[in-house]
Amino acid sequence: MEIAKRYSIAYKGLADGKHEFSFDVGRALFESFDCEEVRGGECRATVAMEKSQSALTLDVRIAGQVVVECDRCLEDCALPVEYEGRLVVKFSDEIEEYDGEVMWIPAAESEISLAQYIYESILLSLPYRRVHPDGECDPAMMARFAVATAEEFDRMEEEAERRQAHGVSGDDMAKLAALKARMESDAE
Ligand SMILES: [Zn+2]
């Protein structure tokens with residue numbers, strides 16, 4: 001609720017015409033959506049809003065960076081964020097479903113939260129493949145987790161299970177579990 005408020009625009013009392021807003025985006029926004037893939041970040045969202053009697057047109061620009069897990073070495077990796085999009089908000093008591101471009105809100109509303117829009121826009125702007133630039137991966141992590149094939153992964157898993165019987169740290173198991181989850185999602 002607090003997050004929704006932090007990214008909201010109270011448009012009711014504003015004159016028709018152009019207005020500008022800006023919002024800082026940090027880790028708290030991603031946490032509020034239980035987003036595990038983004039570990040942190042610093043972005044700025046600027047919104048150029050055109051208000052009319054029946055709608056708001058919001059031109060949103062988001063720039064900055066987020067920290068995600070590197071697909072190759074699993075260490076933190078900063079990715080640039082560069083997003084530009086337009087959101088149209090229409091006031092109506094006949095609410096239609098948000099289709100990615102037009103959002104409908106009840107005529108009696110007085111403010112709109114952009115928390116979800118900003119959050120989703122950042123995630124959508126990230127590349128599918130999230131890796132450090134070549135040569136910048138953590139070599140120690142690469143040695144342990146640069147798994148190319150499912151066979152190799154199975155072998156590692158067996159190895160880990162075998163070692164677990166002899167006492168392996170929970171940290172290793174957690175990283176292996178994360179790797180496995182990623183491989184499964186890649187296979188889809
Ligand atoms: Zn890396």
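R39, E69 and D76 are linked in a network of salt bridges. The model is predicted. Its salt bridges come to 13 by count. Some join distant parts of the chain, and one sits within a single helix, as set out below.

**Salt bridges across the chain**
- E37 and R130 form a salt bridge, with their closest N and O atoms 2.5 Å apart. This pair links distant parts of the chain, 93 residues apart: E37 is in the loop between α2 (27–32) and β3, and R130 is in the loop between α3 and α4.
- E37 is partly exposed, because its relative accessible area is 38%. R130 has a relative accessible area of 15%, so R130 is buried.
- R44 pairs with D24 in another salt bridge, where the closest N and O atoms are 3.0 Å apart. Here too distant parts of the chain are linked: R44 belongs to strand β3 (residues 38–51) and D24 to strand β2 (residues 17–25), 20 residues apart.
- R44 has 40% relative accessibility and so counts as partly exposed. D24, at 49%, also counts as partly exposed.

- The side chains of R6 and E2 meet in a salt bridge of 3.4 Å, N to O.
- Both residues lie in helix α1 (residues 2–6), 4 residues apart, which is about one turn of the helix.
- R6 is partly exposed, at 44% relative accessibility. E2 is exposed, since its relative accessible area is 60%.

**Surface charge**
- A patch of negative charge on the surface gathers D93, E94, E96, E97, D99 and E101.
- One of these, E96, is found in the loop between β5 (76–91) and β6 (102–105).

- E120 lies in helix α3 (residues 115–125). Its relative accessibility of 32% makes E120 partly exposed.
- The side chains of E120 and Q116 are joined by a polar contact of 2.8 Å.
- E120 and F30 are 90 residues apart in sequence, yet their C-alpha atoms are 9.6 Å apart in space.
- H132 is in the loop between α3 and α4 (139–145). H132 counts as buried, because its relative accessibility is 13%.
- A polar atom of the H132 side chain lies 2.8 Å from the backbone oxygen of D76. D76 also belongs to the salt-bridge network with R39 and E69.

**A buried strand residue**
- L58 lies in strand β4 (residues 55–69). At 0% relative accessibility, L58 is buried.
- L58 and F21 are 37 residues apart in sequence and 10.0 Å apart in space, C-alpha to C-alpha.

Note on methods. Residues are numbered from 1 along each chain as its sequence is written. This is a predicted model: local features need pLDDT of at least 70, side-chain atom pairs count only at pLDDT 80 or more; totals for chains, interfaces and linings use all residues. Side-chain values use heavy atoms; hydrogens and water are left out. Patches are made of residues with over 30% relative accessible area and no salt bridge: like charges are joined within 9 Å, nonpolar side chains (Val, Leu, Ile, Met, Phe, Trp, Tyr) within 5 Å. Accessible areas come from the Shrake-Rupley method with a 1.4 Å probe; for residues, only the protein chains shown count as cover. A salt bridge is a side-chain nitrogen of Lys or Arg within 4 Å of a carboxyl oxygen of Asp or Glu. Lys and Arg count as positive and Asp and Glu as negative; His and the chain ends are not counted. The place of a charge is taken as NZ of Lys, CZ of Arg, CG of Asp or CD of Glu. Helices (H or I, at least four residues) and strands (E, at least two) are DSSP runs, numbered from the N terminus. Buried means under 20% relative accessible area, exposed over 50%, partly exposed in between (1.4 Å probe, protein chains only). A polar contact is a pair of N or O atoms within 3.5 Å; within protein, one must be able to donate a hydrogen and the other to accept it, and residues adjacent in sequence count only if both atoms are side-chain atoms.
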